[in-house]
Every structure is written in structure tokens, then in C-alpha cells.
Amino acid sequence: MMRKNYYQKLAFMVTLLAILLAFQKYTSKDKEPFPEVKFIAAPSVSANLSDFDPNILNREQWQKLGFSEKQISTIIKYKDIVGGTFTSKEQLKKCYAISHEKFEELKSFILLPEGSEKNNPKYSQSFAKKEIIVSKKFNPDLFIAQEWIKMGFSERQAEAILKYKSYLGGSFISKEKFKECFIISPENYNTLEPYLLLPRKTPENFKASGTQYPIKPKVQYHPFDPNHLDADGWKTLGFTEKQAHTIINYRNKNLRGSFKNLDDIQNCFVITPEKFQEMKPFIKLNPEMMIKKEEIKQEKTDFSKTDLNTITFKQLIEFGLDEKSAGSIIGFRKKLRGFVNKQQILDTYNIDKEIVQKLISIAPLDTSGVPKYTLADAPEEWLKDHPYFKYSADKIIFYRITYPDDKKILKFLKLKPEHEEKMKLYLK
């Protein structure tokens, strides 16, 4: 009996010792190192950036700029806190959802003034708050500058409001669009809003700010002889007064008084290919004025009397250029609406420079028909299509609403000297 108790105690001791050894081994086991965490940087979106107004971006557009859903919600809340509109880059920078690095990446593309009213004396003087007096409902589309001034706006503010209306196509469209005019502060908008005779919402088919053009009436074409049209006749076909006079000058001066064939009409640089195709079925040239193709082939061009702004594709081939070179020159001339110096022709891409050098040394260049504008008055369509202006068009349109002065606009654009010099070739 005693021996049995002894073995039972011994077994218990061995079991307890085994448990203690196992526990010690478990607690003294070296801990495995925590795996190193590597953060993968999000791809930069700077390569796809273009100028933008942060006041008109929706959630999807903010997302394309590289912001998360949470950051976007914070930015929108911040916008509401500051009055519903960002008034300067400085103000936008204070939004904590936009990091310093992200703001620096976007800064040059943001279409807002640099500083706020408090830190910008010029801005303060130009847009100082004044009491706005309004007593009855009104349609802002019908207001002239004097009526905005009478209401309490400065002369400069009134001009900017009218410029903004013109930019939208001649109408404020809706209360939403009216509110986006940054000349009108949130406080002034709240004062005016109950009196505005405008729809509350913008129509769905309205294009975003910066791409809207005035709606042109559809032209009702009738058969016509282009050799008998005066300026008013060309205007009824949808051309501006300036374009009409350019066509007449081209016909009378360059073609000695008459269009001989359809090519003569098509080669007039103020008549776009699309416009020519619209008019073509209705053009009726006098048969006596038409030149037969056989006669054209037999005639040799006197290049010493052939204007480089009206020289045709066939004439360039006749001079010795290949089709690629001739096409490049004609194409570039059309985009520019005419050359203003011979160096532009020599700088055209994909040309035989040796032959072109001979051509420009012989042929004259008449620049009298080349359209030129001020930055303040240049048509939006022209700015957005012209090779020298199209990459700065949105900025020009934005700045000229407030600063209708070419020198100031050029200063704000911060262009490279060579780009600015090219622009000036087509500025009055």
C-alpha cells in the first residue's frame, strides 16, 4: 500500500515538472519581428492636370485630382464654411485636407487670385465691400453698367459683371451661374438672390464654364454669286463684319475683283473648311468667270507676284515642294489665319526648308488681311483654336473678366519670353 502511494506521488511530480518546463519554454520563446510595412506612393496626377476653377468641381473631378472621398467631403464642408465660394488660392491653401505638397502641385493650375482681400491692397481697392441696395425684383440679363453702379457696385465691378455675362454667352442662365461670378461676394449674392428673375438651377445641357459660346442663329442659305456680295451679303451668310470685309479685300485685291472657281473661295483663310462645305451647294459662279482646268494647267505662276498668304497647294507643288511640305504650310497658315512674317513659314514642321527658303526670298507676303485682336476683346473661339493662344485661352478668358488690359493679362500668364513674342504677333 505504501509502495503504491509512493508511485502515485512520483507520477504527480513528474507530470507537474513537465508542465512547468513546457510553460517556461513557451514564455521564453523569441518573438518574431513585426513585418516591415511599406507604403506604396499613389501615382502622381500632375501630368494630367489642366487649369481649373475649384468652385465648380464636383466630387468626381476632385477625385481625378488625387483626393480621397474623405478629403473631398472635408474640402466641400470647408467651402461651405467660407461662404460657398473660394475667393483666393491663399484661402484654399488653408483647407487642412489639402497637404502643402499637394497644394504646390496644383497651385499653378488654380484659376483664383493669389491673395485674399485682406492681404492684397489692389484687390481690396478694386473689390471693397459696399452696401448693395435693391428694392424690387429684376432680370440681371437686362442690366447695363449704370444700373449695376446705381445698385452699389463700383464701375470696375459693373464692367466685370457684364464681361462675365458675355463669357456665359450673353445670359446669366440661372441663379447658380450668377452666384459663380466671383466679383459678387457671398454676402452680396445673399442680398440679391430673392430679387433675381432667373431659374434656380442651370439647365443640364448647359456646357461647363469656360466652354460656353454664344449661340449663333442658323443661316438660311439661298443660291448666291460670291462675286456680287457686299459686306452685308456676307454677313447674312453668318460672317462677322470684320470677316466680311476681309473676304471682300481678298477678292478685290488678291484675286483682282472676282472668284474664278471654288478653290479661290476655299483658300480664303477666314472661310473654314466646315463653313465652305455648308455654302458649297449654294455657290453659283458665272460660267464666263470659270477657268477650265486645262487652262489652269497651262498657266505658269509668277511667284514674284504671288502672295504667300494666298498661295495654293497646287502652286506650292508647282514651285517644287512635295505634297507633305505643301500640306504643312497650307495647314499651318489656316490655323494661324495667315502668316505675319516669313520666318513662320520657314519654321513650319515637316517641310523642305531649302526649297521654302527659295520661295520666301521670291514671293511677297501681304499681312493686311490677317486678323489681330487685343486679349481683352479676342473671340473665345479664336483664342481656343489659334496655335499661339489655345494653351493659355482659359486663363486669358478668366483674367480679362477682371483685368481688361493686355499688359496685366500677359503679366498674370507668366509666359516664356519666346511664347509671349509669338502671341504679340497677332495682338493689336
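Q: Contact means heavy atoms within 4.5 Å; which helices are included in what covers the buried residues of helix 17?
A: In this predicted model, where local features need pLDDT of at least 70, side-chain atom pairs count only at pLDDT 80 or more, and totals for chains, interfaces and linings use all residues, the cover includes helix 16 (313-319), helix 18 (342-346) and helix 19 (353-362). Residues are numbered from 1 along each chain as its sequence is written, and side-chain values use heavy atoms, with hydrogens and water left out.

Q: Which residues of helix 17 are called buried?
A: Ser325, Ala326, Ser328, Ile329, Ile330, Phe332, Arg333 and Leu336 are buried, that is, under 20% relative accessible area, whereas exposed means over 50% and partly exposed lies in between (1.4 Å probe, protein chains only).

Q: Why is Arg256 called exposed?
A: Arg256 has a relative accessible area of 73% and is therefore exposed. Arg256 is found in the loop between helix 12 (241-254) and helix 13 (262-266), and has a positive phi of about 55° although it is not a glycine.

Q: Which residues have the most contacts inside the largest nonpolar core?
A: A nonpolar core joins buried Ala, Val, Leu, Ile, Met, Phe, Trp, Tyr and Cys residues through side-chain atoms within 4.5 Å; in the largest, of 63 residues, those with the most contacts are Trp148, Met151, Phe178, Leu192 and Phe389.

Key
Helix = DSSP H or I, 4+ residues; strand = E, 2+ residues; numbered from the N terminus. Contact = heavy atoms within 4.5 Å.
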